[in-house]
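This report describes a few local features of one protein structure. Please look at the sequence and the model below before reading on.

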Amino acid sequence: MDTDLRNKIDRIWEYFWTGGITNPLSVIEQITYLLFIKGLDDIEIRNEKDDIFLGITSNRIFDSEHQNCRWSVFKDYEAGRMFKNMQENVFPFIKRLGNTKNSNYAKYMQDALFLVPTPLMLQKVVTGIDGLPMKDRDTKGDVYEYLLSKLSTAGTNGQFRTPRHIIKMMVELMKPTSQDIIVDPACGSAGFLVEAGEYLKENHKEIFNDTEEKEHFNNTMFYGFDIDTTMLRISAMNLMQHGIENPNIEYKNTIGDDNDDKNKFTLVLANPPFKGSVDLETISKDLLGVTNKSKKTELLFLALFLKILKTGGRVASIVPDGVLFGSSNQHKAIRKEIIENHKLEAIISMPSGVFKPYAGVSTAIMIFTKTGQGGTDKVWFYDMTADGFSLDDQRQPIKENDIPDIINRFNNRSSEEEQTRSRIEKSFFVSKEEIVKNDYDLSINKYKEIVIEKKEYENPKVILKRVIEMEDEIQQKLKELEEIL
């Protein structure tokens with residue numbers, strides 16, 4: 001993104017900040033509403049031009065009595081008139097759209113709240129947004145990505161975002177295809193789904209020359225669920241701005257008893273909630289059976305992945321380290337289920353600073369395939385110690401970065417297996433038999449060998465003599481200094 005565009009967005013952000021709206025989620029939500037309103041008018045203008053060219057009259061978004069809800073009309077209003085029009089006409093109009101438009105995003109406009117406090121502030125924001133070059137998909141995506149990046153510098157709200165480079169790595173490890181049906185059951189701002197879409201555009205351009213595959217990409221490939229309607233609005237807009245026309249973004253408690261998704265998806269990309277627990281009465285009985293009645297969300301989501309995937313479906317999920325070595329019956333039950341009844345492929349251990357400054361928890365990426373018939377033979381472990389950023393609260397870019405090596409080695413595991421790499425290396429294989437013997441422990445520290453360098457020290461008597469000589473020399477220098485003074 002060029003500096004000029006970044007500065008324009010920063011200026012809009014500053015209008016909200018100085019106007020008293022300082023919660024980054026609220027700012028992004030208000031900008032999201034306005035981008036949606038502008039987008040509706042852009043579609044209407046395009047349809048009008050097409051109608052003139054084709055000599056037809058297509059369905060209209062804005063009827064005759066709602067022309068004042070069009071961006072191109074009200075953007076030039078005087079501040080007071082614009083503010084009143086937004087309150088009395090525009091927002092009621094977009095809220096009603098959710099009842100009539102066959103669009104997931106419009107559906108979540110039904111409880112939209114207009115929070116801009118003053119007419120002058122609204123006029124500044126509308127003018128600022130009108131000046132953003134939102135014509136092509138790449139720029140739209142850049143604008144929204146930059147807005148979302150502000151969540152990562154926003155205190156407790158940073159929990160909503162998995163670092164972009166970690167998401168990108170996970171997508172590159174899984175290599176989505178044009179046939180995949182991709183889901184994130186706790187989607188937040190939809191970073192995983194967006195990155196999967198970008199990967200497909202870059203690596204499978206043929207999708208967009210095939211009517212059926214393009215239709216699948218725009219309507220039936222991407223699914224995201226969450227229980228926060230604010231994040232659903234943001235994630236839907238994020239996907240739309242990245243060129244996915246009709247993403248399936250829905251309110252759903254995916255680990256709840258009313259989630260009837262089963263054998264539906266082919267790829268899970270996720271960073272589900274850690275350290276949460278839910279009411280036992282609301283949890284899906286299917287999941288409780290797999291997790292030995294655990295209420296821990298990090299275990300329930302692993303069971304969920306197995307439930308919602310088709311046979312042959314794949315998972316790349318971030319998990320807290322406790323999932324890998326927890327000694328409770330529930331922890332062991334889910335690890336045993338994945339290892340014995342499906343195919344566990346890889347555990348990538350990440351350093352604890354990856355989620356700083358918001359959390360110092362140690363995490364790993366777990367990669368497995370649903371088979372229902374076992375298949376775990378050897379598990380590939382990788383000990384990531386650097387991700388291209390400092391592991392302190394500042395997270396400044398650094399030269400050390402294991403990510404390219406992880407992607408390369410993961411994609412060439414067969415040749416690495418033949419090399420029988422030593423366990424003092426960054427990556428190595430561990431047999432299923434050894435893992436079973438260790439009570440299904442998947443912590444890399446259980447298997448990695450650490451080389452302790454033997455250091456030779458001088459005889460203590462020699463060291464002591466040298467210290468005494470140094471002390472005598474210091475005393476002599478002090479005497480000389482005293483005589484000079």
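Asp261 counts as buried because its relative accessibility is 6%, where buried means under 20% relative accessible area, exposed over 50% and partly exposed in between (1.4 Å probe, protein chains only). The model is predicted: local features need pLDDT of at least 70 and side-chain atom pairs pLDDT 80 or more, while totals for chains, interfaces and linings use all residues. Residues are numbered from 1 along each chain as its sequence is written, and side-chain values use heavy atoms, without hydrogens and water.

Asp261 sits in the loop between strand E3 (248-251) and strand E4 (265-270). Helices (H or I, at least four residues) and strands (E, at least two) are DSSP runs, numbered from the N terminus. Beyond the neighbours within four places in sequence, Asp261 is in contact (heavy atoms within 4.5 Å) with Phe225, Lys252, Lys307 and Ile308.

Two side-chain pairings with computed distances are listed here.

| Side chain | Partner | Distance |
|---|---|---|
| Asp261 | Lys252, side chain (polar contact) | 2.8 Å |

Elsewhere, Ile463 lies in helix H19 (residues 460-484). Ile463 counts as partly exposed, because its relative accessibility is 37%.

Note on methods. A polar contact is a pair of N or O atoms within 3.5 Å; within protein, one must be able to donate a hydrogen and the other to accept it, and residues adjacent in sequence count only if both atoms are side-chain atoms.
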